[in-house]
Each structure stands twice: as C-alpha cells, then as structure tokens.
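Here are my notes for you to read with the model open beside you. Take them slowly and find each part as you go.

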Amino acid sequence: MTEYYESYTTVFALLAAGILLVAVAFTASRLVRPDRSYGGKLSTYECGIDPVGQGWSQTHIRYYLFAFLFVIFDVETLFIFPWAVVLGEAGELQPFMLGVMLVFLFFVTLTLPYEYKKGVLKWA
Amino acid sequence: MDVDQATQIDLFALAPELAVLGASLLVLLIELFLHGPRKRFVNPIAVLGVLVAFGFVVALWLDGAQRSSFGQMFVVDDYALAFKGFFLAVALFVLLISYRYFSEIRTFQGEYYFLMLAAFLGMMLMPSARDLVMLFIALELVSVPGFIMAGLRKFDLRSNEGAMKFFLFGVLSAAVLLFGLSIVYGFTGTTTLEGVAASLSAGEANPLLLAATLFVIAGFGFKVSAVPFHFWAPDTYEGAPIPVTAFLAVASKAAGFAGLLQVTFVAFEPLADVWAPVLGVVAILTMTLGNLTALTQTNMVRLLAYSSVAHAGYVLVPFAVVQPGDAALNADAFSAVLVYLFAYGAMNIGAFAVVIAVARRHPGRRVSDYAGLGQRSPGLAVALTTFLVSLGGIPPLVGFVAKLAVFFVAVEAGTTLGIVLAAAVAINTVISLVYYLRVARVVWMEEAPEPEPEPVQPGLALGFTVGGLAVVTVALFVLAPLLWGAADQAVLIASG
Amino acid sequence: MSVPAGYYLILAAALFSIGAVGVLIRRSVIVMFMCVELMLNSVNLTLVTFARIQANLDGQVLAFFVIVVAAAEVVVGLALVVNLFRLRASTDADGVGALRA
C-alpha cells in the first residue's frame, strides 16, 4: 500500500507547494499593507456589477433549444474520435470504415436543414 | 468479435428495416414542405413504407435461408420473420387508426409518423438481435419515441404527466437492465446470447449473476407492464393520444415480450430454475391485479389499460414453466407465447379502433358513453362486442385459442407451479368476463341518453380497420391450427 | 502499481445505489433525472472495468451506446420537463395528480 501512495508523491508535493505559495504571499501582503477597511471595500465585486440579488440567476428559456442541439452534436464526436484514432491503422478495412462513417454523418447532417426549416435556429 | 465477420453486411436481410427507415426519413422531410391540412398526406407515405417492408419480409420468407449481418449480431430466421410480419401488420393498423385522429387535431403530424416508424424500426430489430448490445439498442429505439408520442398532446396536462411517468419509469428500468447486462457481460465475457448461454451452462451459478439475471428480466418487465412495474401504464395510456395508447398496449408490449423471449429462452435458459418461479409469481400478481382493478373502472381507456396489464400476466405464464434442458416443453411454452401475442394484437387494436371512433362523438371516453351504441351504430357495436368477448376468452373467437394455448402449456409442465398457474388463468378469465360483458351490456341493453347523440361515423380507414380486425378475430379461431403451426415453426430456443 | 479492478466495481455499485435511492426519495423531476444519469454512468464504469478484466472490447462498445442513449434520453426528458413547467410552473413530481385512478 505504501508503494501505492509513493506513486502520488509528486502530486502531494505540488499540492503542498501550491498551498505554501499562496499562504506566504497573502501573509506577507497582510503584514506590509495599510488596513483601513469598511463595508464597501469588503464586499465582493466583479466587473462593476453590483453584488445584489440571489446566487441563482435565470437563463432565458430560449437557450434550451441550443443546449439540445449541443447535446446532439456533442455526442456525435463520441463516435468520431475513436474512429479517427483507429482509421490510420485499419489497412484494407479503410474504405469500409470511411463508408460507414459517411453514412453516419449523412444522418447527422440531415438534421441541420430540418432544424433550419423548422425555424429552431432562428433567434426569436 | 471477429472484425472480418462484423463487416459483412447482407443488404437483403436488412431490407425491411431499410424500407421503414427510408419511409421515416421521407415522412420527416416531406412534412416540412406541406402546409395546413395537407400535412395529413404524410400518412399514406408511411403506410406505403410499411407495405414495402412487408413485401421484403414475404420475400425473405420465400427465400427461406437463414441470413445474418454484422457478424451474427443481426439474424433473420423464421422467428425473426414471424415477429417482423406481426409488427408490420400492427404498424399498418396503427397508422390507419391514426389518420383521422391526427388530421383532426392537426398537431405534429410529421413528427408523429416519424417517431412511430422509428419505434417500429426498433421493434423489427428486436427479434433479429442476437447480441446484448443490439438488444439494448432495439429496446431503447422502441422506448424513446414512445416517451415523446405519449406526451404529444402537449397542451394537455394529463398527456404530459402520463409521458413524464412513462419516461421516469422507462429510464429507471433501462438503467437497471443495463446494470444487469453489464454484470452478465462481466461474468461471461461475451455479449452474444448463445455465448452467454454456453458460458452459463458451463460454470456454477454465482449469486451476483442470478441477481443480474433478475435485473435484466425486471428491465423487460417494465416494457410489458408486469406488476410491480405497471404503475405507469394506466396513466400513460389515459393521457396519450388513443392511437399511441393502442401502440403502447400492443406493439411496444409485444416488442418487450420478443426481447424477453430471446433473453430468457436463449441466453438465460441454463438458469431457468431461478427466474421461472419468479416470473410465475409475477404472472399471477399481474393478471389478478390487472383484472381486479379493471373491475372498478368507469373510463373506457383505463379499463382497456388494466385489461392489457392482465393480459401481460397471461403471456408470462408460459415463461414460468420453462425448465433448463427440457427442449420439448420449452418449445411448447415458446409457441404458446407467440400464439397469445398474435391473437392479443388483433383483438386489442380492434378494441382501441372502436374507442377512437366513439371518442370522436364522446371525448370523455366514459363507459356510459357507449349506452345505446347497438341502436345507433350496429356495425361498430357488433365489432366491439366481438373484440371484448375475444379478450375475455370465449369461443368461437381467437382469444379462446390464446387462453387455451397458455392453459395447456401450464398443465403440460405438470409441476405444482404449473397447476397453480393454470388455476389462476382459469379464475382470472372468469373475473375478466365480468367487466368485458358489463361493457357489452351497456352497449346493447342500456338506452342512449336524451337527446340521442348522432350515430358514430368511423370513416374509411377506421371502418376498414375495425371490420378487418373483427374478421381476423373470428377467422383465426377457425384457422387456429394454422396459427399454432406458424408459431411452432418460429420457435427459437437455446441449442445447447 | 495500479488500483485493483474490484475497487472500480465497488465504486460503480455504490454510485448505482446512490442513484437508485435518489430516484426513489427525491421529488423534483430534474433531480430524479440526474440520479438516473448517475446510475447510467455507474453502468458505464462497470462495463469498462469488465472490458478490462475480460480483455475484450465488447464492454467498451456497449458503453459508447449507453452514452448515446443517455444523451437521447436527456433531450427527451428535458423537453418533457420544460413542457411540464410551462403547463404548471413547477417541476415537482408530488404535485402531479391530474391522473388518479
């Protein structure tokens, strides 16, 4: 079991170094800087937007169609990546593999004109 | 798997599936360019695709040779062809009863017919699948379009709720099924059904493996709405458009049974003494609960929904008498399942077709709406009575043949469980007659409410379906030996 | 040294059980749905582990198809949830009661 943890030595060393670096930097800055804090300064801020309201924010429902399209085209890569890795070593099977992938891509591509015609891609 | 074998594609063996696939894409694309009421013309395209596919099935049957594709993953034999022919016939009738319904509510016709054909594509893959991967894909291809179709009346909360329940139960059971499959694969090292059977009969039974077997069977139990996985069925049936309900009650259920047949009679056959008693208990619970709940229903669709749950119980009976290694008994059990499914398909779609016709005048679908139907529309009333009496299992109709097949095989097994099952079938048949005949009494004996509603006009497609299926229901009783012979031909059991 | 394969199977079984319990006790449809996804992914882990143990690729092939089917189910399920929300402005499975026997 010790052997198993030893293989992680580098990771743990890096983790310790990272924590140390941040701790030293923050402590040093705290020691040398003047400290005159009040409410406005202590509040979190980002790019000038007032930190009001709740942590949950609503996204417009329109986006869900795009999310769906993303899921479809995202999963398509699942088949293409392994295929692309193996294709180079396929030898005489290459034409067959290419044909199969073209059939697959034909069906996937067919959905795009369908979506266009249904008006899904329009921002309205 | 052997790579060279896996790249062998027999296009003739795949022709029926390709025809259905082509029709589904055509429907989807052509509908884009049709507007308003003309959208209903996608229905004939779908019908044409189904007819072409049926032609290919007949050609493959005449050809007679056993064909395979993708390295034995996809096999075309008598069993597969029998089921494909059945599914295509069901598809034809479902499309016919959809025509009027969907052209009147005018929503999502292209999507509906596309999804319907996609689901039937999955069903046609199911009996040909001889590999766990293919079986899983076929099952999901049947399920996922079903989720959408059940929720197609999206302005209606009931439709949405029914679809939601169906969906949640569906994905949950898919996950359970998959977990079972993964463990089966882990212990046997193969995904082909024959390979699993060979490996199971060689090694001793591991408890985890037995659990996995039951997981897989539970996954299919959801599809066939067996108790305790039936909770979705009545709600989904009631909320869905009625043609979709007919589809779920007949086609999707038969596909589930096709998959279950392959998994139990081929792959898990060596473990039959574990799962058969479990299925026996499930069968008794399913038919009893389905029938008892159906007794109190006042909504016609819910009544038919619980009746279809009960029928799933009858079909499960032959599964429960399977014994490992007893090829003669298993073959008889197998053909009893086929006989029951084919008979059930004919009479149940017929019943739903009448419900659709009547629902055009009475959208409430209450049983009391059928009062006086015998005077108003004698043709429909005769047909409905035929279907109901057949579902009840009274001669001279095909339902009797089906009940007899199941009953005989339970007696033939000779075990205690077999006798108990036979008794359960007999008792349940009597219970079910109460509610089937109650509807028949409303149709013929009760006066129609005042003012008398207009006679129901089913229209050409619906009228043809109702009439044709009524004839089939009677004819299959006369031709019962033929049905039995065909089922015997199509038996598929482990060759171990 | 590598992690023994049995650990992966135990992890997968644990994930599967967490997902199953989640589906049964949570009431929000979306959370139930996420739990089902957890179950499906635990199946993937099992499949890949077994593919490694059995030294053949069938398990990995099935895992690919599981991912694809899970994606298809996500799309269908979320569409149903969006529609349910439009009709009722809530995604609770408990309040669903228009259909009662």
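The points below go through the chains one by one and then through some of their contacts.

1. Before anything else, keep in mind that this is a predicted model. Whatever you read off from it comes from a prediction.

2. Let's begin with chain A. How much of chain A is buried? Buried residues make up 0% of its 124 residues.

3. Now look at chain C. Of the 101 residues in chain C, 34% are buried. If you take the contacts in chain C between residues at least 6 apart in sequence, 46% of them join residues at least 24 apart.

4. Next, find where chain B touches chain C. The contact takes 34 residues from chain B and 34 residues from chain C. On the side of chain B, the elements that give two or more residues are helix 6 (132–150), helix 7 (157–188) and helix 10 (232–239). Which of them gives the most? That is helix 7 of chain B, with 17 residues. Sorted by class, the residues on this side of chain B are 19 nonpolar, nine polar and six charged.

5. Stay with helix 6 of chain B for a moment, as you can check its length yourself. At 1.5 Å a residue, its 19 residues should span 27 Å, and its end C-alpha atoms are 27 Å apart, which agrees. Is helix 6 of chain B buried or exposed? Of its 19 residues, 19 are buried, so this helix is largely enclosed by the rest of the structure.

6. Finally, have a look at a pair of helices inside chain B. The axes of helix 13 (residues 300–320) and helix 18 (residues 416–445) of chain B come within 10 Å and cross at roughly 160°. Angles over 145 degrees count as roughly antiparallel, and helix 13 and helix 18 of chain B are therefore roughly antiparallel to each other. The crossing of helix 13 of chain B with helix 18 of chain B is left-handed.

7. Which residues meet there? From helix 13 of chain B, they include L303(B), S307(B) and Y314(B); from helix 18 of chain B, they include L417(B), N428(B) and Y435(B). By class, this contact has nine nonpolar, three polar and no charged residues.

Notes
Residues are numbered from 1 along each chain as its sequence is written. Chains are lettered from A and ligands numbered from 1 in the order in which they are written. This is a predicted model: local features need pLDDT of at least 70, side-chain atom pairs count only at pLDDT 80 or more; totals for chains, interfaces and linings use all residues. Two residues are in contact if their C-beta atoms, placed from the backbone, lie within 7 Å. Helices (H or I, at least four residues) and strands (E, at least two) are DSSP runs, numbered from the N terminus. Ala, Val, Leu, Ile, Met, Phe, Trp, Tyr, Cys and Pro count as nonpolar, Asp, Glu, Lys and Arg as charged, and the others, Gly among them, as polar. Axes are lines fitted to C-alpha atoms, for helices over the stretch in contact, and angles run from 0 to 180 degrees between N-to-C directions. Angles under 35 degrees count as roughly parallel, over 145 as roughly antiparallel, 65 to 115 as roughly perpendicular and the rest as oblique. A crossing is left-handed if the near helix is turned anticlockwise from the far one by less than a right angle, and right-handed if clockwise. A residue is buried if 20 or more other C-beta atoms lie within 10 Å of its own, exposed if 12 or fewer, and partly exposed in between; C-beta atoms are placed from the backbone. The expected span of a helix is 1.5 Å times one less than its number of residues.
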